Every structure is written in C-alpha cells, then in structure tokens.
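Reader: I am new to protein structures and would like to learn how to read one. Could you walk me through it, feature by feature?

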Amino acid sequence: MVGQFDFVGRAILPRGPLWGRLLGGHSPLKAWLLAELPAYKTKLAHYRKLASYFEEMKKTKDILALLVTFFRIKPPAPHAQKCTKLHKSLPVKALALILSLAAGALGQPPTAAQHKVEMLWPAAAPGAVGTEDADKPSLTIYPAPEKSAVQTAVVVCPGGGYGMLAKDHEGDQIARWLNSLGIQAFVLQYRIAPRYHYPAPLLDAQRAIRFVRAHAADYHIAHNRIGIWGFSAGGHLASTAGTHFDYGVRDAPDQIDGNSSRPDFMILAYPVISFTTPYTHQGSLHNLLGDHPDPQLVASLSNETQVTAQTPPTFLFHTDEDNGVPPENSVLFYLALRKAGVPAELHIYERGPHGVGLAPTDAVLATWAARLKDWLEIRGLLQ
C-alpha cells in the first residue's frame, strides 16, 4: 500500500504487494537506487525540476533516459540491460512515484514532524524594510527526543555568502545530527543581501542567542550551555557573535534583550573569518558590507583580530582543498584563540571541497563529525 515504507540505508522504499513486485528481492532497479541515489544529496536544489522531467517522462516513457538526464548518471553496466527490460513493463505513474519517493528520501522522511518556527521579534525586526518572509528573522526549533535530551542547545547558522541560506545540508541535516546527540537545535533564518547588510545579520544572531537563553526553562536547557554553529559565511556570523557580544541590556523594555548574547561555545565549519588578509572571501565581504565599506568597520569584523580571553571555547573544521574559503581563515582564528588562552580545537582535512556540510558521501571526511562529538563530550556538553 502506498503510504507504508521501508527504511533501507539512506533511502525510503515503499512496501506492499505492488511495490514488492516492482522493488522486491534483488530487483536491479532497487539495487541501483540504493547504490546511486545517496551520492546525489547535493542535488536537492534541483528537485524542483522534477515535475517538468516527469512530464518529459510521460512522453518518452523511458525511466533510464530520465535518470541519465536528471542525475547525469548511468546505470552500472551489469544492470543496464535488466533495468532497460524492467522499466518497459512499469506504469509511468509508478515510475514517477518511485522517483519522487527516492528524491524525498535524500531530503527528509515523509513522516518528519513539522517543526515550530518562532519569530525573533514579535513585531517588525530592527531595520526591517518590508513584511515578506525575508524581512522576518526566525528560529526553526528541533527539539531533541525527550528520553535522550541533554541540557545543551545550539543555534545553527547556515552558510551562503550572506546572499542565500543553505538550509538543508547546513541547517536541517545539522539540526537532526544534533538531535541524535540529545542536543536541542535552533536553525536561524537571518537577514541577507541584497535586502540587508550589516548589522542586520548580527542583530539576528544576537537576538537568537538571547531568545534561546530567555526560554531556557521552556526548552529544558541550561543557561550556560547555549552554543552557536556556523558554516562558511554563517561561520563568520557565528564568530562575530562570539567576538561582538554583550551581557544583556539593563532595564530593557523587551525582556529578551535583558539576556546575554554571548554564546557559551562555538562550532565553526569552513568559516569565513578574515576581512583584511589575502584569504578574505570577497563575496561575503561585499554582501555584508556593500560596495565601499568603512575600513574601520571592515577591520572590526575581521574576527581573528577581535578575540579576547572572553571569547567562547571553539571547535574549527576545514579542508586543505577548500578554494572557496581558504583554511587560513580557521588557522588565523585558532592562533588568535590560542594566544588569548581560549580552549580551542582545529581539524584540517587534506581532501574535500568547500561546503561539504557533514560530508555524508565521503567516508573519510565524514569522520569530522565524530571529532566534534568527542569535543562536545570532553566539554561536558553531552551530559
């Protein structure tokens, strides 16, 4: 029956009499889907085009042509002939459903609960230029399973060069990984270019930390175990929050603003850090500060120069092959932390491009998440 599913590895396959015939046993199509589809998680953005490809499939009735065109892949040689024979006997609608289920499996299970979204400000955000979603910074809340929950929370800042937000592999997937450790996760939608520049993103990140701290009792977390995790430009935002903070606005009319904006720890994945060295990511600099920024402002947001003894303990991850944001960004920040006496851990892997997220398709690079888990453990954040 459609609506019943088997979870097999990273894929979700339907089960029932009809689907058993189509995908049961050692079906070459099933084997192909299981073997090939997990490698294409990075193509999630293209799934919006599935409808048009399905329309094309209705005309051609050729499943292999569709997959080769859409995924840019070919079935393994031993299965090519069998797959070709199999697809001719399958109804077009069945093939479309199989593909849509498999594509959805690469994002999130169809049974995933809807997550609550909290606006950071009950009314308009400071400096808002409109009333669209892009003008409303928010937190999407991922509560950890009650039985395994610990008193730790993390605000997650997806990357995107301050011009977009990589909400899936640097947002949703990260929150789910944190939940697997019992950590409450809050994915931040912060304001970005071209509608917004500095200080809007920083105000959003600071407000997010204040918001979580103000509601610590509601989420069963400790006031002093609230961290921030940023990727790429989101890493710049996170490191800015960790070097440009206050301990709360006294007598603030908004109770949330009375809470500290200092994160208790930082996780920085291939972060943009420096704005004043040859290692600067120019796209992030431009999107955040515009065409002709004040040199003093640029220097103040080159965060390796802003580290003090009060900067939170930090875990850094980067790759040597990162040509988008050179690893020197992490190195410079680590050296500044070390000089200031701030506990820090840095991991630079030789292989891997920019923007890998948790690197689920790379067996070696994916081990960086285990190193992070170890760090969280030794800091007592998983207890």
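Reader: Let me start with Ser 138. Which strand does Ser 138 lie in?

Author: Ser 138 belongs to strand S4, which covers residues 138-142. Keep in mind as we go that this is a predicted model.

Reader: Is Ser 138 buried or exposed?

Author: The general idea is a cut-off: a residue counts as buried when its relative accessible area is under 20%. Ser 138 has a relative accessible area of 5%, so it is buried.

Reader: And what does Ser 138 touch, leaving out residues up to four places away in sequence?

Author: Ser 138 touches Val 117, Glu 118, Met 119, Leu 120, Val 187, Leu 188 and Gln 189.

Reader: How many residues of S4 are buried?

Author: Four of its five residues are, so S4 is largely enclosed by the rest of the structure.

Reader: How should I think about strands lying side by side?

Author: Strands of a sheet pair through backbone hydrogen bonds, and the pairing is either parallel or antiparallel. Here, S3 and S4 run antiparallel and are joined by three bridges. In that pairing, Glu 118 stands opposite Leu 139 in S4. S4 also pairs with strand S6 (residues 184-189), again in the antiparallel sense, over five bridges. There, Ile 141 has Phe 186 in S6 as its bridge partner.

Reader: What is the strand order of the open sheet of eight strands?

Author: Its order is S3-S4-S6-S5-S7-S8-S9-S10, and the pairing is mixed. Strand S3 (117-119) and strand S10 (344-349) stand at the edges; each has a single partner strand, so one side of each is left without a neighbour in the sheet. On average, neighbouring strands of this sheet are turned by 20° against each other, direction ignored.

Reader: In which sense do S8 and S9 pair?

Author: Strand S8 (residues 265-269) pairs with S9 in the parallel sense, over four bridges. Ala 269 stands opposite Phe 317 in S9.

Reader: Which strands does helix H14 lie across?

Author: Helix H14 (residues 368-378) lies across strand S7 (226-231), S8, S9 and S10, and runs at about 170° to S8.

Reader: How many residues of helix H10 are buried?

Author: Helix H10 (residues 233-243) is mostly covered, with eleven of its eleven residues buried. Among them are His 236, Leu 237 and Thr 240.

Reader: Now for the inside. How many residues does the largest nonpolar core have?

Author: The largest nonpolar core has 46 residues, and Leu 139 and Leu 188 have the most contacts inside it. Helix H8 (residues 200-214) gives the largest share of this core, five residues. Apart from it lies another core of 32 residues, including Trp 177, Ala 185, Phe 231 and Leu 365.

Reader: What does Leu 139 touch, not counting residues up to four places away in sequence?

Author: Its contacts include Val 117, Glu 118, Val 155, Phe 186, Leu 188, Ala 208 and Phe 211.

Reader: Is Arg 210 buried or exposed?

Author: Arg 210, found in helix H8, has a relative accessible area of 6%, so it is buried. Leaving aside neighbours within four places in sequence, Arg 210 is in contact with Asp 246, Gly 248, Ile 256, Asp 257, Asn 259, Ser 260 and Ser 261. Arg 210 and Asn 259 are 49 residues apart in sequence and 5.3 Å apart in space, C-alpha to C-alpha.

Reader: Finally, what does the whole chain look like in numbers?

Author: The secondary structure comes to 14 helices and ten strands. Buried residues make up 51% of the 383 residues. Among contacts between residues at least 6 apart in sequence, 75% join residues at least 24 apart. The accessible surface comes to about 18,100 Å², of which 55% belongs to carbon and sulfur atoms.

Note on methods
Residues are numbered from 1 along each chain as its sequence is written. This is a predicted model: local features need pLDDT of at least 70, side-chain atom pairs count only at pLDDT 80 or more; totals for chains, interfaces and linings use all residues. Side-chain values use heavy atoms; hydrogens and water are left out. A nonpolar core is a set of buried Ala, Val, Leu, Ile, Met, Phe, Trp, Tyr and Cys residues joined through side-chain atoms within 4.5 Å. Buried means under 20% relative accessible area, exposed over 50%, partly exposed in between (1.4 Å probe, protein chains only). Helices (H or I, at least four residues) and strands (E, at least two) are DSSP runs, numbered from the N terminus. Contact means heavy atoms within 4.5 Å. Accessible areas come from the Shrake-Rupley method with a 1.4 Å probe; for residues, only the protein chains shown count as cover. Two strands pair if DSSP finds at least two bridges between them. Axes are lines fitted to C-alpha atoms, for helices over the stretch in contact, and angles run from 0 to 180 degrees between N-to-C directions.
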